[in-house]
Amino acid sequence: MNAGTTARGMQQTGLLFVLSPALCWLYPEGEARARAFARYGGHSNTHPFMIPLFVGILLSLEEEIARGALPELAVSSVRETLATTLSALGDSFFSGTLLPLWALLSVSLLLSGHTMLTCVAAAVFFLILLFFRAGSFFSGLRHGMPVLVRLKRLNLINWVDRLKMVNAVLVAQVIWHLPLSRIKPFPWDVYILGALAVLMASWMVARLRLPRILLWAMTLGALILMDVDLIGM
């Protein structure tokens, strides 16, 4: 689906390609098949890691439509909302939390000289992602829309807050392994203040819901002022 992404329809072409075998099997008659394909002729976009769940739920709805248990408009009324909901969850949990966690963990391990352990961690994260995508597809296919209730019970949003605190600790770990640690005498005051600033920024983003772009702008401004000697360290 991502290989077929276009600027106009986003994942529209890829979604039709993925659904086409099932739609042809569910609707052997030409007219019903044409209407089924037409239901997916519009814009479609969701998070790449949530695509299997998205497709599984859509196929579950199409099975109900093919049996006459649901009207054909059922898919059109939920498809866009479902895509947006799963996209928001994927952006927050995967792109905003787990991927940075894996990246920071890998950088920390590499700076510590644990190359093999870094490869093992990457393989483990990759396998977990594959199992999640496969499991979410079959769960969506089997249970349909009610699977969203089960997904809500996982409470991934609260896990986002906890994992972001872990990411803040990993940032401090990465800073520890930078050339700063080889300075003699070691500037403990600068390091401790920097680590506390990272932890405080993470807490403010997670708890106070402050926009991250504001914190980045403040940090960048401080670095620029330091570079032109308007702020001394």
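Let's start with a crossing: H4 passes H7 in a left-handed way. Keep in mind that this is a predicted model.

Some geometry for that pair. H4 covers residues 73–111, and H7 covers residues 156–177. They pack at an angle of about 25°, and their axes are 9 Å apart. Angles under 35 degrees count as roughly parallel, so H4 and H7 are roughly parallel to each other. What does the contact of H4 with H7 consist of, by class? It has 18 nonpolar residues, 7 polar ones and 1 charged one.

Stay with H4, and turn to H3. H3 and H4 pack with their axes 10 Å apart, at an angle of about 165°. The cut-off for roughly antiparallel is over 145 degrees, and therefore H3 and H4 are roughly antiparallel to each other. Their crossing is right-handed.

H3 has another partner to show you, H1. H1 is residues 12–26, and H3 is residues 51–66. Their axes come within 11 Å and cross at roughly 25°. That makes H1 roughly parallel to H3. The hand of the crossing of H1 and H3 is right-handed.

The lining includes Phe93, Phe94, Leu98, Leu99 and Trp102. Ala122, Phe125, Phe126, Ile128, Leu129 and Phe132 are also among the lining residues.

Last topic, charges. Side chains of opposite charge can pair when their charged atoms come close. How many salt bridges does the structure hold? There are 3. One to look at joins the side chains of Arg35 and Glu31, at 3.4 Å from N to O. Where do these two sit? Both are in helix H2, residues 30–38. Arg35 and Glu31 are 4 residues apart there, so about one helical turn separates them.

To recap. H4 runs roughly parallel to H7, but roughly antiparallel to H3.

Key
Residues numbered from 1 in each chain as written. Predicted model: local features only at pLDDT ≥ 70, side-chain atom pairs only at ≥ 80, totals over all residues. Heavy atoms only, no water. Axes fitted to C-alpha atoms, helices over the stretch in contact; angles between N-to-C directions. Helix = DSSP H or I, 4+ residues; strand = E, 2+ residues; numbered from the N terminus. Parallel < 35°, antiparallel > 145°, perpendicular 65-115°, else oblique. Left-handed = near helix turned anticlockwise from the far one by under 90°. Nonpolar A, V, L, I, M, F, W, Y, C, P; charged D, E, K, R; others polar. 1 Å grid on protein atoms, 1.4 Å probe; cavity = no way out; pocket = protein on both sides within 12 Å on 5 of 7 lines; lining within 4 Å. Salt bridge = Lys/Arg side-chain N within 4 Å of Asp/Glu carboxyl O.
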